[in-house]
Amino acid sequence: MAGDQDMFDAVVMADERFHGEGYREGYEEGSSLGMIEGRRHGTLHGAKVGSEIGCYQGFAFAWRGLLHSCATERDSKKMKVLEALIGMIQKFPYDDPTYDKLHEDLDRIRGKFKQVCVPRVSLS
């Protein structure tokens with residue numbers, strides 16, 4: 001009878017042991033795959049943001065070069081907005097992945113870019 005009890009305990013304990021081992025193996029595998037997926041997602045998203053910011057910067061530098069020779073009041077206002085846009089882009093934290101206001105700053109840069117692109121219609 002005692003032998004039957006030991007065999008039953010061994011079966012019950014084996015189930016618990018295998019459950020624990022399976023959980024640990026699954027957790028390790030999931031952690032590894034999660035890191036790989038997270039790194040891939042971060043790289044892709046970072047590349048998109050970098051490309052967008054680079055586009056804005058190239059646009060701003062080109063327009064600044066074109067407007068630099070103009071001396072009209074309207075163009076000087078555009079120059080101020082362009083300089084503000086360039087300043088925002090230069091202060092953007094490219095190398096800080098933990099920057100908590102990244103989306104806010106990116107939205108501000110997008111808004112300033114739109115401000116530069118909006119044509120002003122004069123009704124005079």
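**View 1. Order of the elements along the chain.** From the N terminus on, the elements run α-α-α. The chain has three helices and zero strands, where helices (H or I, at least four residues) and strands (E, at least two) are DSSP runs numbered from the N terminus. This is a predicted model, in which local features need pLDDT of at least 70 and side-chain atom pairs count only at pLDDT 80 or more, while totals for chains, interfaces and linings use all residues. Residues are numbered from 1 along each chain as its sequence is written, and side-chain values use heavy atoms, with hydrogens and water left out. Of the 124 residues of the chain, 19% count as buried (under 20% relative accessible area, with a 1.4 Å probe and protein chains only). Among contacts with a separation of 6 or more, 65% are between residues 24 or more positions apart; contact means heavy atoms within 4.5 Å.

**View 2. The largest nonpolar core.** A nonpolar core is a set of buried Ala, Val, Leu, Ile, Met, Phe, Trp, Tyr and Cys residues joined through side-chain atoms within 4.5 Å. The largest one has 17 residues, of which I53, L82, L85, I89, F92 and I109 touch the most other members. Two or more residues of this core come from each of α1, α2 (73–91) and α3. The largest share, six residues, is from α2.

**View 3. Surroundings of F92.** Leaving out residues up to four places away in sequence, F92 touches V49, I53, L102, D105, L106 and I109. F92 also belongs to the lining of the largest pocket.

**View 4. The largest pocket.** A pocket is an open set of points on a 1 Å grid over the protein atoms alone, where a 1.4 Å probe fits and protein lies on both sides within 12 Å along at least five of seven lines; lining residues have an atom within 4 Å of a point. About 300 Å³ of space lies in the largest pocket, the volume being the space filled by probe spheres set on the points, which are joined across faces, edges and corners. Its lining includes H45, G46, Y94, D96 and H103. Both α1 (2–67) and α3 (102–117) supply at least two lining residues, and α1 gives the most, with four.

**View 5. E52 on helix α1.** E52 lies in helix α1. The side chains of E52 and Y56 are joined by a polar contact of 2.7 Å (a pair of N or O atoms within 3.5 Å; within protein, one must be able to donate a hydrogen and the other to accept it, and residues adjacent in sequence count only if both atoms are side-chain atoms). Not counting residues up to four places away in sequence, E52 touches L106 and R110.

Definitions and conventions: Buried < 20%, exposed > 50% of the residue type's maximum accessible area, 1.4 Å probe, protein only.
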